[in-house]
Amino acid sequence: MATVAVIGLGTMGLGIAQTYAAAGFEVLATDAHAPVRDTAASRLAAALAPRVEAGKMTPAARDALLSRFRVVNGPEVMGAADLAIEAVVERLDVKQHIFNALEDVMRPDAVLASNTSSLSVARMAQGLRHPERLIGLHFFNPAPVMKLVELVAHPASGPQALHLARQLTEAAGKTVIQCPDRPGFIVNRCARPFYGEALALLEEGRSPGEIDAAMQGAGYRLGPFALIDLVGADINLAATESLAAAMGGSPRYHVFEALKVQVASGNLGRKTGRGFLFPDSPGPLPDDASSLVLRIEATLINEALWLLSEGGIDESGIDTALKLGLNFPRGPFEMLSLHGADSVRATLARLETSAPPPLKIRYLAAPGL
Ligand code: NAI
């Protein structure tokens, strides 16, 4: 059985460690901060407790899982690992420093992985003696629950590293979708229009309640505003701004004023007790629900087509990623089959014609439409 190393034992790292330990792998884990290392095993036990109490895991299985989780002092004693995943702060220099330390002790065929959500994996590989062994393994929060892992390949990633990372992560029960090293990978990028187009509608005078009701009526578990409220408007704003900057300020990733105002007001969602919609529920279904859904789905389809046109990913990969990563009832290419290309093209053309200056070219049809 392979050994997996996890560096950084915060929200993501501990969940990633749990995921591989649950699948029977030996896990070596570390964190730069001693109190985080010292509490890691008890935090993992506490994370498992509800499963044991609910009868979903036996106490013996929990004990076996915990016995496979070993906290060590630092990357320099992780030489036995076959795969090392970092989940430390989102800083290029910190992550590079960790990979340099790991390279000194790990076998040449061992794989290095980053859980980054916004940094370039290719840039992270610069300075490594073996850049071909570095890949991205982007888990979603909570890692033990979310099925999707984006496997990020940069131009120098080697086939052996991609293969081993996929093999071990699939053995840990995940659905692994390979994607290129582009800003936002698949989910964080293709999700933008779900929120963006809802915010555009809000700025045009529609209410969060009717927009969410329309999307729920079309099969979405949560509408865009309920989802922003759940995760936090501040987190959504940071993700949008980061992608907008990485994509050169393209209007497809426009940062809507309504979102900035919401964050400035301090009504961030569930965590502050009030958000766009929270604590209210969506209102009744508006008369034009189907055209609201078509508008939001047309922009989701278009973004997925832009990503597809850049290469390195196929339609079913994008569909699967959005269904698993966002709980969408269907992927963008399934939406395209549902609405038909003519209707999507016409919707985008109408939106482009009436777009205000900051949004001009936001709705240009992607190649392939
Ligand atoms: P966190 O703040 O909960 O945990 C980070 C941990 O890294 C802390 O325990 C900290 O002590 C440790 N750390 C910092 N510098 C270190 C170093 N030099 N060596 C070892 N440990 C160090 O952060 P979180 O949310 O778990 O995020 C970690 C990474 O995962 C980031 O790159 C983030 O972008 C990415 N990510 C986060 C997601 C989320 O929803 N929170 C989702 C997917 C990816």
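Predicted model: local features only at pLDDT ≥ 70, side-chain atom pairs only at ≥ 80, totals over all residues.
User: What makes a region a pocket, and what volume does the largest pocket have?
Analyst: On a 1 Å grid over the protein atoms alone, a pocket is an open set of points with protein on both sides within 12 Å along at least five of seven lines, whereas a cavity is a set where a 1.4 Å probe fits but cannot get out. Volume is the space filled by probe spheres set on the points, which are joined across faces, edges and corners. By that account the largest pocket holds about 1,400 Å³.

User: Which residues line the largest pocket, and how do you know that they do?
Analyst: A lining residue has an atom within 4 Å of a point. The largest pocket has 43 such residues, with F140, N141, N188, V231 and I235 closest to the centre. Helix 11 gives the most, seven residues; helices (H or I, at least four residues) and strands (E, at least two) are DSSP runs numbered from the N terminus.

User: How does the lining of the largest pocket divide by residue type?
Analyst: There are 26 nonpolar, 13 polar and four charged residues. Ala, Val, Leu, Ile, Met, Phe, Trp, Tyr, Cys and Pro count as nonpolar, Asp, Glu, Lys and Arg as charged, and the others, Gly among them, as polar.

User: Why are Y20 and F139 called an edge-to-face pair?
Analyst: Rings of Phe, Tyr and Trp (its six-membered ring) pair if their centres lie within 6.5 Å; planes under 30 degrees apart count as stacked, over 60 as edge-to-face and the rest as tilted. Y20 and F139 are 6.1 Å apart centre to centre with 70° between the planes, so they form an edge-to-face pair. Y20 in helix 1 and F139 in strand 6 are 119 residues apart.

User: What makes Y220 and F328 an aromatic pair?
Analyst: Their centres are 5.1 Å apart, so they pair, and the 80° between the planes makes the pair edge-to-face. F194, Y195, Y220 and F328 form one aromatic cluster.

User: How do you know that the buried residues of helix 15 share a side?
Analyst: The buried residues are P332, F333, M335 and L336. They cover an arc of only 150° around the axis, so they are on the same side of helix 15; the arc is that of the directions from the helix axis to the C-beta atoms. The face turned away from the buried side carries the exposed residues S337 and L338.

User: Which peptide bonds are cis?
Analyst: A cis bond joins N141 and P142, with omega about 0°. The bond from F278 to P279 is cis too, with omega near 10°.

Key: Residues numbered from 1 in each chain as written. Heavy atoms only, no water. Buried < 20%, exposed > 50% of the residue type's maximum accessible area, 1.4 Å probe, protein only.
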